[in-house]
Amino acid sequence: MQGRMMFQPLLISSFIEHAAQYHSDTAVISKNTDLSMTHTTWSKVANNAKRFAKALNSLGLQAHHRIATIAWNNHRHLEAWYAISGNQMICHTINPRLFPEQLIFIINDAQDRVILFDKTFLPLIVAVKAHIPLVEHFICLSDYDTDVIEALPEAQFYDVLVTKQNSEFNWPIFDETTASSLCYTSGTTGNPKGALYSHRSTALHSMAIALPDSMGLSAKDVMMPVVPMFHVNAWGTPYAAAMVGSTLVLPGPGLDGTSLVNLIDQYQVSIALGVPTIWQGLLTAAKNMGSQLSSMKRNVVGGSACPASMIHTFKDVYNCDTIHAWGMTETSPLGTAAQLKTKHLGLSQEEQTYVRLSQGRPPFGVSLRLCDQEQGTNTIPSDGKQTGNLQIKGHWIIDSYFGKDQSALTIDGWFDTGDIATVDMDGYLRISDRAKDLIKSGGEWISSVELENIALDFTNDISMAAVIAAKHPKWDERPILIAVKHAESQLTEAEILEYYAKKVAKWQIPDEVIFVQSIPLNGTGKILKKELREQFEHILLEE
Ligand code: ADP
C-alpha cells in the first residue's frame, strides 16, 4: 500500500522559490570583482535567476547542457547557479587555480557549452580559448566592459543579458534524480574526475548540513562561505542558506585575513567556513587589527585536519565554537561534523576539545565503515582503536564518476575514500592519513597527519608543516618534516625534535626538519605532498 502524501520532486529551484517567498528582504551582501560592494536580497537574487534562465534559453541552450563558471563567491555567480540548475542545466564550477592544462582537460571532459567568468580570470580564458572548441559562449559576470571586449571580442555580459529579460518564468518541473551540478576532484590524487550531483542529492545534503549537529544554520545567521563556490559548491552552503533564509556574505576575491576580518566586523557574520590555511591567515589578521570577532559564534573548518591550537584560539580568545568537518568532492562534501553529545557536556574543556578535534560523526543519511584493505569488503570493528580504510555510503555519496561507465564503488556498494581512520561506537571519525601519505618505516606505519599536528601545536612560530616519507637505505621510508616558520623566528631543528621526543615513540620522530620559505598548495589550499616528495624524497639517501 502506498502512502497518501503529496509528492513533489526535490528540485533546486524550490530552494530559491522558498527564499524569495519567505525571506524576500533578507540580505545577500557581495564583494564584487572590482572590490565594490553590492547589497541585494533573496527576492532579487531569485528574480535575476529567472531572467538569466530565460537568457540561457534565448542563447539556444537546452536541458542537461553543461554551463561552466570560473568565478569568485559573489551575487552574480549565485544567481547564475540557481538559473542554471533550476533550468535543468548542469552548473560546472571550475577552480581557477588549476594549471591551464588541467583547465583545458576538464572543460573538454565536461563538454561545457558556456563559460561564465569574472573579469579576474579573463587572461586565463584568453590563454585556453584555442583549446576548448566546444565552448560557444563566453559570458563575463559584469556589465558591458571595453577591456573585456578588447581581449575577447566575442564576450557577452551577464548584466546585459539579464536586463533584456523579464522575470516572468516558471521553473521547469522534472525528475529529482536529474543532474544539477558538476565538480571535479582537486586532483591531489591524480587526474581530476567529475562528481555529478543530482537535485535530490543536493536537497538532502543541504538539509543535512543545516541540522543543529552539523552547522546549525538558521534565518538568524549571517553566513560567510569563504570556501569558494568552486570547492565542492562551497560545501553546499549557498543552497542551505536559501533553504533556511540566512543572510549571506559573499567575500569575492578578498580571501586574505584582513579583508575577511573587515567583512566579519562590518556585517556581523555569525558563521564562516573555510580550510585551515584561510583560518591561519584570519587569526593573524584579527590579532594584528585588534578585532574581537565579536559577532562570530561558529566557524567550520574542513578540507584538511584542523590543528588543536586553532580550536583553542577560537574558543579562548574569540569565544567562537569551531566545528571540524570532514568530506570530499565525492561526498557532496559533508560526511561528518564534530559536535558534542549530551554525554560530553559534563567533560572537562580539554576532553571536550578532544571530541571536537575528531572529524566528527555522520548526520542521518550517511554511514561509515572500516575495511582491512583499500576497496576491500572485510570490515574492521568501529571501536575507536583499530585503523582501517574508510568507506562511506549514503544519499549524497557518489555512485560513478561523470563520463565513466564503471561503478566507483566496492563490489558490495560502498565508496572507498582513500582515507585511513578510526571510527568509534558513536561514529566519531579520526582520520589518521590518506592511504598514499602514510609512511612505512621498517614495516611499521607512521601517520604524517599526527606528526604535522604535533609540529603545528608546538609553537606559533610554525605557520605550515608537512610530513612526508623520504626514502631510507635501511628502513625503506622515514618521516621528514618540512616547515615554514615566521620570518623573525629563532626556532631550531633541535628544539622541534626534542619536542617530538616527548610526544611520540622514538622510531616515529622525523629524521630531519627542513625549513622552507613556502610549501606548494593545490587550488583548494591543500598541501601538494606529491611535489614535496619529488623535491625531498632522496634527501636521506644523499646524506
Ligand atoms: P581531493 O580528494 O582531490 O584532495 P577533496 O577536496 O575532495 O579533493 O579532498 C578530500 C580529502 O580531503 C579527504 O579524503 C581527506 O583526506 C581530506 N580531508 C577533508 N576534510 C578533512 C579533515 N577535516 N581532516 C582531515 N582530512 C580532511
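User: Which residue in strand 14 does Val-300 stand opposite?
Analyst: Val-300 stands opposite Ile-323 in strand 14. Strands here are DSSP runs (E, at least two residues) and helices are DSSP runs (H or I, at least four), numbered from the N terminus. The model is predicted: local features need pLDDT of at least 70 and side-chain atom pairs count only at pLDDT 80 or more, while totals for chains, interfaces and linings use all residues. Residues are numbered from 1 along each chain as its sequence is written, and side-chain values use heavy atoms, with hydrogens and water left out.
User: How many bridges join strand 13 to strand 14?
Analyst: Strand 13 (residues 298-301) and strand 14 (residues 321-327) run parallel and are joined by 4 bridges. Two strands pair if DSSP finds at least two bridges between them.
User: In what order do the strands of the open sheet lie?
Analyst: The order is 2-1-11-10-12-13-14-15, with 8 strands and mixed pairing. Strand 2 (37-41) and strand 15 (334-337) are the edge strands, each pairing on one side only.
User: Changing topic, at what angle do helix 8 and helix 9 cross?
Analyst: The axes of helix 8 (residues 199-210) and helix 9 (residues 237-244) cross at roughly 75° and come within 9 Å. Axes are lines fitted to C-alpha atoms, for helices over the stretch in contact, and angles run from 0 to 180 degrees between N-to-C directions. Helix 8 is therefore roughly perpendicular to helix 9 (65 to 115 degrees).
User: Which residues of helix 9 make the contact?
Analyst: Thr-237, Tyr-239, Ala-240, Met-243 and Val-244 do so, where contact means heavy atoms within 4.5 Å.

Methods
Parallel < 35°, antiparallel > 145°, perpendicular 65-115°, else oblique.
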